[in-house]
Amino acid sequence: MKVLVTGASGTVGNLVVRRLAEQGVPVRAVVRRQQSATALRGQELPDVEVVVADLANEAAVAPLMEGVDAVFLVAANVPDQLDQELFVIRAASAVKVRRLVKLSVGGASPDAPLALARVHHAAEQELAASGLTHTVLRPSFFMDNLLQYIPWIDSSGRLPLPTGDGAMSMINSRDIADVAAAELTSDSTENHDLVLTGPEALTIDQALVRVGEVIGHSLSHLDATREDFLRRYMAAGNTAEYAEDIATLYDGILRQGYGAGITDTVQKVTGNPARTITDFARDHVADFTQTRKSTED
């Protein structure tokens, strides 16, 4: 079989490519930019074909499906995200791929408070109507999200985020990729809607304490205002619209504890327990310690 992986330069997409390559599954990895293609080819993964294509260009999508048996669909949160997802779903349906696995979000609905959840809902409606056998993945808050905020950690080890004491069942992106790979290579002919979480619900402060124990430096959470978050997030290069969405996720959803539910789906699908925040910290010691050094210089 051969699997088409979109968003192959992103966090989850790249991990899916690597996981399939480890299993000896041929992959066509799609990226949007030549620079990303060069970086991916530099990983020297076996039997991985790297293709540069703009998924927002419908004419460029159909050729990607040639010889493909399954598709992993993930698109970045960009203005043309919905177009990208619709074009991929339609092209996959036209050639009747065996299964399409889509990375989505929890709470996808037409009236969801988050714009990104409304976009995912629209794509899921297209997927449901396509007749394709499919799997929808709904992961909880990514542990990996913490990495983008490392530069915000002050000299006292405090990270300001507007999440209060809301607990969340953070998940490691490696677990998402493992589930995706299992679904892509499964012989099941049933549709699956999978809620993926980590093994425990932690507040941001509890998670940072665990990370600090691993890296040998104390870390903690400083509750921030929505306005402070928006200022920092847009200064980091994010659009105002996307920043508002993430602020609503943190301050309006996670703060209330709505992300605390736990499932055992990772264990059921992969046969392995979901990775802990301590496992995540061990994988990213260099990331956390390097930034601390820069704040002390």
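**Notebook: a pocket and a helix pair**

I looked up the second largest pocket and found about 310 Å³ of space in it. A pocket here is an open set of points on a 1 Å grid over the protein atoms alone, with protein on both sides within 12 Å along at least five of seven lines. Its volume is the space filled by probe spheres (1.4 Å probe) set on the points.

This is a predicted model, so I note that local features need pLDDT of at least 70, side-chain atom pairs count only at pLDDT 80 or more, and totals for chains, interfaces and linings use all residues. Residues are numbered from 1 along each chain as its sequence is written, and side-chain values use heavy atoms, with hydrogens and water left out.

Next I checked the lining (residues with an atom within 4 Å of a point). It has 13 residues, and Asn-77, Val-78, Pro-79, Glu-241 and Tyr-242 lie nearest the pocket centre. Helix 4 (81–95), helix 5 (115–130) and helix 10 (240–253) each supply at least two lining residues; helices are DSSP runs of H or I, at least four residues, numbered from the N terminus.

Then I turned to helix 4 and helix 5. They pack at about 10 degrees, with axes 9 Å apart; axes are lines fitted to C-alpha atoms over the stretch in contact, and angles run from 0 to 180 degrees between N-to-C directions. That makes helix 4 roughly parallel (under 35 degrees) to helix 5.

Which residues meet there? Among them are Leu-82, Leu-86 and Ile-89 in helix 4, and Val-119, Ala-123 and Leu-127 in helix 5, with contact meaning heavy atoms within 4.5 Å.

Note on methods. Parallel < 35°, antiparallel > 145°, perpendicular 65-115°, else oblique.
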